[in-house]
Amino acid sequence: MIAPLHRPKRKNPILRTRLPLLPPWARSRAALGLTAAAALGRFELQVCAHCGSVQYPPREACHRCLSDQLQWREQSGAGELISSTTVYHSHDLFFRERVPWRLGLVRLDAGPTVIAHLHAGCAPAPCRVRVETRLDKSGQGVLLAFPIDEVSNMADDLQLREMTCDPKFRKVLVTDGKTAVGQAVVQALVAAGADLVWVGYAEPWKKFPGLAQIEALPQVTLIPLDLTDSRSVTQIAAEIGGRVDILINTAEVHRTHGIASRSGVEVARAEMDVNYFGLLRLAQEFGPAMRGRGADGQSSATAWVNLLSIYALNNYPPHGTFSASKAAALSLSQCLRAEMRSGGVRVINVFPGPIDDEWNQMLPPPKLGPDALAKALVKALKDGVEDIYPGDVAQEWFARWREDPKILEREVSA
Amino acid sequence: MRNFGKDPLVASGDARDYRDVVLTAPVTVPYVRYSIRSAHWFVARALSRLLKESGLEKSDIDGLSVGSFMLSPDTAIGLTQHLGVTVRWLDHVPLGGACGIVALRRALRAVQAGDAQVVACIGADTNHVDSFRQSLGSFSVFARDAVFPYGSGGPNASFALLTSYYMRMYGATREDFGKICVAQRDNALGYPHAMFKKKLTLEEYLEARPIADPIRLFDCVMPCAGAEGFLVMTRQRAEALGLPYARVRSTCERHNAFPDDPIQVRGGWVLDREHLYGAAGVEPSDIDFVETYDDYPVMSVIQIEDLGFCQKGEGPEFIRRHTFTSDGSFPINTSGGQLSAGQAGCAAGFLGLVESIRQLTDRNLARAVPGARLGLAVGFGMITYDRGLCSGAAILGRADA
Amino acid sequence: MSADLAAANSLITLAADLVSGRIRVVDLTQTLAPEFPQIALPPEFGQCWPFRIEEVSRYDERGPAWYWNNFSCGEHTGTHFDAPIHWVSGRDLPSNATDTVPVQHLIGAACVIDCSAQASADPDFLLTADHVRAWEAVHGRIPARAWVLMRTDWSKRTDPVAYQNYDETGQHTPGPATDVVRFLIDERDVTGFGSEAIGTDAGQGYHLKPPYPCHYFMHGSGRYGLQCLANLDQLPPTGAVIFCAPLKIKNGSGSPIRALALVPGSSGAAEPSQRVRGEA
């Protein structure tokens with residue numbers, strides 16, 4: 001039985017905020033393959049291309065045939081929990097604060113025996129379990145054994161919650177509520193149990209459809225926030241920065257120009273000002289406080305989400321300057337991710353394909369509906385993954401890009 | 001001799017026996033919980049004691065074998081200049097609980113082959129206040145990648161998983177393991193260098209602070225600083241020097257045995273025991289005392305099974321039949337073992353050997369096992385991921401045994 | 001007394017009057033701040049930048065003993081000046097840009113037409129030639145080369161939403177009708193037209209003939225525009241002199257300005273209260 005999570009009491013203002021600690025971060029290069037897969041929500045192990053042996057822990061050579069052709073391949077994770085323990089004493093500061101902590105040895109059906117964190121819903125050994133990867137607070141991939149069948153309050157397991165960014169009972173800032181995507185994200189967060197959602201809106205004199213419905217939600221507070229205005233970002237960070245547990249940057253400027261279709265740099269600059277500098281302003285003003293609150297009780301600061309674009313991976317020439325601004329944002333988000341790591345705050349990048357909005361009017365379907373995007377984004381928070389590529393177009397681009405970025409570049413420039 | 005069954009990996013061979021080389025001058029640098037000295041200091045103190053014990057000059061030592069985790073960035077070669085010894089044979093054996101057996105085997109062959117005349121074998125480590133915690137994360141690549149990030153319980157968590165599995169599979173109880181720990185504490189009370197000097201009751205054992213289910217505080221060794229050592233030389237030389245010595249009847253060593261076992265309930269001894277007893281020309285029942293590698297009590301039970309004193313899974317029943325005290329039935333860890341004497345890093349891999357030499361040369365610091373003629377010292381160690389990779393053993397005998 | 005001597009004397013008198021307070025200076029300028037709204041065009045058009053400011057250093061590691069900022073904005077941000085070149089109708093006129101407009105034009109008499117009551121009742125209020133004629137019947141004929149300023153008290157709308165006053169049909173702010181623009185140029189030879197709203201033209205000026213008549217005709221005739229003026233309620237209907245020089249931007253179409261007015265010290269009863277606000 002897993003006790004359901006309760007809304008935390010208000011923070012006692014005379015108590016010191018616990019500083020964030022991280023579980024052990026160091027990994028060999030080979031082991032980072034597990035992290036790379038976990039960042040996408042996949043459980044992959046090294047499989048020998050020569051003899052088919054599955055390896056764990058990760059290696060530089062096949063433990064059977066010594067081939068160095070080890071390829072990361074998705075695993076079902078099914079296995080037998082052969083032994084379990086509860087650790088009460090740890091030498092590590094992070095775990096010292098979190099014991100008791102359950103661990104298990106799982107004999108995977110694929111072969112290897114793995115040490116895994118053990119979800120509270122797993123019966124004592126022996127029993128069947130399903131091993132998955134998660135990113136831990138240090139941002140590294142770890143293995144976590146789940147019960148085969150769903151149990152109640154599954155997501156509320158305290159060990160699991162150290163590895164996810166579940167919005168339940170958390171306070172969230174959505175930086176732009178003007179757009180259909182921003183509003184869908186707000187709705188999805190409220191449905192997921194977010195405690196409070198601040199919704200930013202710039203240029204308040206422009207009337208935006210849908211904002212009134214959002215404002216009517218009891219969890220929602222509208223705040224004037226303009227990412228092009230450093231003073232506005234500073235002001236809002238001063239007001240709420242110390243309480244934001246999850247920041248979701250939905251603000252973007254999207255125009256449909258390449259280089260030749262638009263003279264001058266003003267449109268590109270406007271895109272950069274929001275898509276790149278807006279992120280930089282937010283990161284400078286909200287980043288430090290969130291990083292400092294990475295272990296602030298049950299509803300600590302936990303995630304930072306950037307709405308990027310699949311065009312960040314490879315320029316889509318008809319939307320060339322927009323693509324470039326998203327590539328810049330992607331690069332900056334990697335810097336942010338590195339800097340937020342010390343606080344255990346996850347940076348999640350969302351790479352949608354064309355969203356079904358006015359700026360993609362001329363693109364053929366399939367296009368990603370705002371609701372589907374919002375759903376994928378909230379799922380990423382609950383799963384604690386690092387990069388998502390929602391929608392068919394994004395999935396296809398991502399697969400092509402993974403296979404060979406140069407080929408994708410040629411395909412896209414056709 | 002029981003028939004242990006055939007396996008293509010099982011050692012047979014007819015390696016040369018050890019009748020012309022012997023072990024002498026067992027020394028211990030007393031253990032302390034924490035030390036501000038480096039591992040080099042403990043090696044130096046051990047070497048100094050070896051010279052004093054043997055009456056040899058430093059220049060008489062022409063072989064040096066060192067087991068240590070804490071010398072970094074030095075290895076044994078750095079020690080030659082550090083300690084001012086000139087040797088023609090040098091070995092560095094950072095194999096933890098197996099380093100004593102491995103060092104012994106190599107030194108015996110070196111002396112036998114004439115590559116060296118006198119080899120000083122030393123296991124030494126220091127322990128600073130934070131060094132154990134720091135060593136956990138850098139112990140091995142697999143530990144760093146696949147163990148340390150999971151609760152950072154170190155070997156406690158790993159052996160908790162093995163112990164839990166063993167208990168479930170073979171019906172061992174906490175009381176069974178407790179009996180071993182209590183008996184070893186009794187043995188330790190007769191050994192002046194033991195870290196624990198207070199009697200342990202079964203109740204105290206059962207009620208101790210939980211560490212990682214089912215392991216509690218007294219299932220765990222206490223990391224400390226210290227050193228152990230002995231000399232390997234020809235029998236002729238020992239006799240010329242008038243040094244009491246122990247003979248080596250047989251040895252074995254095995255690494256990464258049974259890699260396909262899903263979890264460790266046996267070690268490499270299963271592959272080597274037939275050779276071990278065969279070469280010594282003895283049966284398990286001829287052994288008068290056993291110095292197990294007791295980093296956790298479950299390992300003592302597994303060693304008792306794998307070295308042929310009972311069948312796999314009969315360990316719990318075996319425990320209930322014996323007292324394990326030096327003066328009782330089936331004496332083990334007669335100086336208290338690591339559980340009561342302390343675990344001084346790689347010195348722990350020497351503890352059983354040094355104690356065995358003492359028992360077999362009447363140089364006891366701990367209580368003597370009455371009439372002991374044959375002793376078995378076991379090495380086990382290097383849990384780089386989910387199991388101990390090294391296993392080894394040596395049957396030692398009195399000079400006339 | 002020569003004309004030069006008389007002029008010199010009047011300047012000496014002016015300086016003395018400024019010191020004594022017999023002549024007061026009224027600030028007609030909105031504060032340049034990021035939150036002050038800027039003109040908004042449909043998103044497919046190029047956009048005028050709002051005022052933005054980034055700290056360079058503030059007695060810190062970026063500059064230990066000094067505080068300064070970089071700012072950015074469009075030429076038509078905040079209280080600003082429109083040069084003839086701003087509009088297509090004035091594109092080919094001589095001396096039509098911020099760096100070439102005759103500086104003599106940038107200081108001049110102001111006629112202030114109070115439309116605050118009408119604008120309060122109707123945000124789409126259009127000033128017509130008849131309104132101006134009625135004003136002249138009370139205050140006298142508008143002299144040549146004067147500035148005509150349309151007082152609507154729109155600058156008192158401190159909430160940007162009310163100031164912009166958008167609905168789904170666009171912006172609703174007062175401005176001049178086509179006929180009054182022609183009248184002021186052709187029959188009164190004004191230097192320029194000023195308003196308190198975000199444009200010299202009305203919010204719905206796109207629907208007039210021609211669209212945006214004030215921009216079209218004023219700039220097409222080499223005249224100027226002033227927008228986002230404030231404190232027009234502190235000016236007398238006649239008798240004030242305004243200063244509205246743009247930055248000397250090469251080939252610039254306009255520029256933010258610090259618009260000032262000289263008024264007789266006795267007029268403008270609001271002055272003391274303004275000072276109190278300024279000090280609060």
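**Sheet and chain contacts in a predicted model**

Student: In what order do the three strands of the open sheet in chain A lie?

Tutor: This is a predicted model, where local features need pLDDT of at least 70, side-chain atom pairs count only at pLDDT 80 or more, and totals for chains, interfaces and linings use all residues. Residues are numbered from 1 along each chain as its sequence is written, with chains lettered from A and ligands numbered from 1 in the order in which they are written. Strands (E, at least two residues) and helices (H or I, at least four) are DSSP runs, numbered from the N terminus, and two strands pair if DSSP finds at least two bridges between them. The pairing in this open sheet of chain A is antiparallel, and the strand order is 2-1-3.

Student: Which strands are the edge strands?

Tutor: An edge strand here pairs on one side only. In chain A those are strand 2 (54-55) and strand 3 (70-74).

Student: Which residue of strand 2 of chain A is the bridge partner of A:Gln46?

Tutor: Strand 1 (residues 44-48) of chain A runs antiparallel to strand 2 of chain A, and two bridges join them. The partner of A:Gln46 in strand 2 is A:Gln55.

Student: Which pair of chains shares the most contacts?

Tutor: Residues are in contact if their C-beta atoms, placed from the backbone, lie within 7 Å. No contact joins chain B and chain C; their closest C-alpha atoms lie 37 Å apart. Two pairs of chains are in contact, and the most contacts are shared by chains A and B.

Student: Which element gives the largest share of the side of chain B that touches chain A?

Tutor: Chain B and chain A put in 30 residues each. On the chain B side, helix 4 (131-137), helix 5 (141-146), helix 6 (155-170) and strand 5 (210-212) each supply at least two residues. The largest share is six residues, from helix 6 of chain B.

Student: How many charged residues are on the side of chain A that touches chain C?

Tutor: This contact takes 11 residues from chain A and 14 from chain C. Asp, Glu, Lys and Arg count as charged; Ala, Val, Leu, Ile, Met, Phe, Trp, Tyr, Cys and Pro as nonpolar; the others, Gly among them, as polar. The chain A side has three nonpolar and three polar residues, and its charged residues number five.

Student: What share of chain A is buried?

Tutor: Buried means 20 or more other C-beta atoms within 10 Å of a residue's own, all placed from the backbone; exposed means 12 or fewer, and partly exposed lies in between. Of the 414 residues in chain A, the buried share is 49%.
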